[in-house]
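Keep the sequence and the 3D view side by side as you read. We will go through the chain piece by piece.

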Amino acid sequence: MSGARLNVFPTRMTLGLMKSKLKGATRGHSLLKKKSDALTLKFRTLLGKLADAKEEMGKEMKTASFSLAQAKWAASPLDVSHTVIENVGGTAFEKLKINTDNIAGVQLPVFEQLTDTAKQGQELTGLGKGGEQIRKTRDSYSKALKALISIASLQTSFVTLDEVIKITNRRVNAIECIVKPKLERTIAYIQSELEEIEKEEFYRLKMIQKKKKEAQDRKEQELLARGVQPVPLQAQEKLMSTAFGETTTEETTEELIIF
């Protein structure tokens, strides 16, 4: 509803509460907008890096496949796969480490390749240049694996950022289009109601003064009709205040004496 507002009782305390809520909503909207801008900038940077990494991976995979074909040709008529399997150690020398990168409060996973060169087999396999070619093939596939890990890291961060940006933008739009207008309409409603109450109070006081003046005029006319000089209203109020003051003083003095 375009004219929706909060269902509150119009008081000055409620008005102050709504103003503080509006101030908080404005500040939250500004912070979320800055967060969305920072995430969008990082998202675009990741998009460019991801495109470059995929292109690089294509080149590395092409080089690795060509190197494997050369190794098979150099080791022919022997089968390279049996020789490679026989020289594989019991412990992996390629490991994956997962770190995190904090971007505007969002934790992004970062994959890092760890290579233990001490555990790599250095024996020559095959005849002629077969062993050297197999080592070249292993190095080519290690580079392809590094490119693949980089793509996995960038792709995971890309998907995570995409979801967070959507959620943040929804929150920004909700505050901008729903929360703030509703609070502003509520504040306007409370202010208008308070103004109406002040007008009614002012009108009530004016009517009371008018009624008092009319009653005083009638009383003065009655006194004049009887031939008695009326006492002005201000003089009456002064006499009454003096009398009440003297009475209060006398009562206080008597109370002090009794005490």
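Helices (H or I, at least four residues) and strands (E, at least two) are DSSP runs, numbered from the N terminus. This is a predicted model, in which local features need pLDDT of at least 70, side-chain atom pairs count only at pLDDT 80 or more, and totals for chains, interfaces and linings use all residues. Residues are numbered from 1 along each chain as its sequence is written, and side-chain values use heavy atoms, with hydrogens and water left out.

Start with confidence. pLDDT is the predictor's confidence in each residue, from 0 to 100. The protein has a mean pLDDT of 79. Of its residues, 73% reach 70 or more. Over residues 246–259, pLDDT stays under 50. For that stretch the model has zero contacts beyond four places in sequence. Contact means heavy atoms within 4.5 Å.

Now go to the start of the chain. L6 sits in the segment before helix 1. How exposed is L6? Its relative accessible area is 27%, so L6 is partly exposed. The scale runs like this: buried means under 20% relative accessible area, exposed over 50%, and partly exposed in between, with a 1.4 Å probe and protein chains only. L6 touches M18, K182, L183 and T186, leaving out residues up to four places away in sequence. Look at T186 in particular. In sequence, L6 and T186 are 180 residues apart. In space, their C-alpha atoms are 5.8 Å apart.

Other residues link these parts of the chain. R5 lies over the face of Y189, at 3.7 Å from the ring centre. A charge sits over a ring if NZ of Lys or CZ of Arg is within 6 Å of the ring centre and within 35 degrees of the ring normal. Next, find P181 in helix 3, which covers residues 130–226. P181 counts as buried because its relative accessibility is 19%.

Turn to the strands. Strand 1 (residues 94–103) pairs with strand 2 (residues 106–115) in the antiparallel sense, over 10 bridges. Two strands pair if DSSP finds at least two bridges between them. K97 has E112 as its bridge partner in strand 2. N102 stands opposite Q107, also in strand 2. In a regular strand the side chains alternate between the two faces of the sheet.

What lies between the strands of this hairpin? There are two residues there. A104 is in this loop. Its phi is near 55°, a positive value in a residue other than glycine. A104 has a relative accessible area of 38%, so A104 is partly exposed.

S142 is buried, because its relative accessible area is 19%.

Next come the rings. The structure holds one aromatic pair. The rings of F43 and F158 have their centres 4.5 Å apart and their planes at 20°, so the pair is stacked. The rule covers rings of Phe, Tyr and Trp (its six-membered ring): they pair if their centres lie within 6.5 Å, and planes under 30 degrees apart count as stacked, over 60 as edge-to-face and the rest as tilted. F43 lies in helix 1 (residues 12–75) and F158 in helix 3, so the pair ties together parts that are 115 residues apart in sequence. F43 is buried, at 17% relative accessible area. F158 is buried too, with 17%.

A nonpolar core is a set of buried Ala, Val, Leu, Ile, Met, Phe, Trp, Tyr and Cys residues joined through side-chain atoms within 4.5 Å. The largest such core has 14 residues. L39, F43, L50, V106, L108, L154 and L161 touch the most other members. Helix 1, strand 2 and helix 3 each give two or more residues to this core. Helix 3 provides the largest share, six residues. Now pick out L161. Beyond four places in sequence, L161 touches L39, K42, F43, L46 and L108. A second, separate core has 11 residues, among them M18, L183, I187 and I190. M18 and L183 are also among the residues that L6 touches.
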